[in-house]
Amino acid sequence: MHLHPNADPAEVVVVSNERCTAGRKPAGFIRHVVFDVSGTRLEGSFRPGQSFGVIPPGVDARGVPHKVRLYSTSSPTRGEDGQGRHVATTVKRLIDEHVETGRLFLGVASNYLCDLKPGDRVKMTGPSGKRFVLPADPWAHDYVFFATGTGVAPFRGMLMDLFPEGEHPGRGDGGRAVLVMGSPYGTDLLYDGQLRALEARSGGRFRYVTAVSRESGWSGDGRLSGYVHDAFGRIAAVDEVLSGGRALVYVCGVAGMELGVLRGLWRSADGAAFVGVDASAGEPGVWTRRMIHKEVRPSRRVFLEVY
Ligand code: NAP
């Protein structure tokens, strides 16, 4: 960790920058940006679930140099190139309106990253984060990954670690995985083609489920109209993995998703393995976000990374 601290960032080079949404006209602009970190201390140093820092050039409105911003790597441990030299992230352009003036507001770092061209040089720090990673023996467990939007970034890397291309899928018995991916529209699903290909080559060990919140007709095999927590009790693979005794659950994306997932886990067949609940918390329907980590405690088998 922190091989290149903020005071000593690495200079890395942009390899590619492409859209990674499923449809031609997505509601949001989300890009897969790849950096060449070879020759720096970052080479071969990232694990999925970790982040790197990016320092945008220039100064803010007060004339102070921009601060470092953290982005999750979406690459597997071996990198995009198989050698740990090319590291990617998944960036959504922040486009908003100024609260007071009503003028267009563009997020500094996200738009800087999304505008980068191959060959551009970028100041990068990291790696950071040690908690939201796969365990030391990843094949000793099964997984349910819940993602919303760009929260899928760490899971793309983790799934590529669990199901490497060209190798026999999984090792031994473990390493089954389900990804429940939440998106506003089908056009905004991220890495959809790659995830479908991964499912196809997994020999039934990986199930890819999409939950689309703003399209009522999005239903069928592995498709849910609604939120990621709608997968509980509806997607057999989720219930099977959760009741198998060795499941780990990872949650990444919008902050609101935690509560629905914790409710679903608590109501699942092996609920107490995933959530500890005080009597004072009442029924799951009345839980609030403030109770999380207090009256409603995710167990050590549940990893939350939400913003
Ligand atoms: P997005 O495309 O807007 O998709 C979010 C999806 O989640 C939508 O379908 C949304 O539905 C749904 N949703 C809203 N409230 C929900 C709830 N209470 N329960 C379940 N689903 C809910 O997402 P985004 O703009 O990419 O945002 C992704 C978030 O992930 C960002 O906040 C980002 O900071 C975070 N992130 C974190 C990490 C990390 O921690 N390492 C990495 C990457 C991203 P509706 O809007 O239709 O209601």
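**Note on the salt bridges and the ligand site**

1. The structure holds 15 salt bridges. This is a predicted model. Side chains of opposite charge can pair when their charged atoms come close. Two of the pairs are taken up next.

2. Asp60 and Arg62 form one of these pairs. Their side chains meet in a salt bridge, with 3.1 Å from N to O. How exposed is each partner? Asp60 has 21% relative accessibility, so Asp60 counts as partly exposed. The cut-off matters here: buried means under 20%. Arg62 has 65% relative accessibility and therefore counts as exposed. For that class the value must be over 50%.

3. Asp142 and Arg246 also pair through their side chains. This salt bridge spans 3.0 Å, N to O.

4. Now the ligand. Which residues lie closest to the ligand? They are Ser72, Lys92, Ser213, Arg214 and Tyr227, out of 18 residues that surround the ligand. By class, the shell has six nonpolar, nine polar and three charged residues.

5. The space taken by the ligand is the largest pocket.

6. On Tyr227, a polar side-chain atom lies 2.5 Å from an oxygen atom of the ligand. On Ser183, a polar backbone atom is 3.2 Å from a ligand oxygen. On Pro184, a polar backbone atom is likewise 3.2 Å from an oxygen atom of the ligand. How much of the ligand does the protein bury? Taken alone, the ligand exposes 940 Å², and the protein buries 76% of that.

Methods. Residues are numbered from 1 along each chain as its sequence is written. This is a predicted model: local features need pLDDT of at least 70, side-chain atom pairs count only at pLDDT 80 or more; totals for chains, interfaces and linings use all residues. Side-chain values use heavy atoms; hydrogens and water are left out. A residue is near a molecule or strand if one of its heavy atoms lies within 4 Å of it. A polar contact is a pair of N or O atoms within 3.5 Å; within protein, one must be able to donate a hydrogen and the other to accept it, and residues adjacent in sequence count only if both atoms are side-chain atoms. Accessible areas come from the Shrake-Rupley method with a 1.4 Å probe; for residues, only the protein chains shown count as cover. On a 1 Å grid over the protein atoms alone, a cavity is a set of points where a 1.4 Å probe fits but cannot get out, and a pocket is an open set with protein on both sides within 12 Å along at least five of seven lines; lining residues have an atom within 4 Å of a point. A molecule sits in a cavity or pocket if more than half of its atoms lie within 2 Å of its grid points. Ala, Val, Leu, Ile, Met, Phe, Trp, Tyr, Cys and Pro count as nonpolar, Asp, Glu, Lys and Arg as charged, and the others, Gly among them, as polar. A salt bridge is a side-chain nitrogen of Lys or Arg within 4 Å of a carboxyl oxygen of Asp or Glu. Buried means under 20% relative accessible area, exposed over 50%, partly exposed in between (1.4 Å probe, protein chains only).
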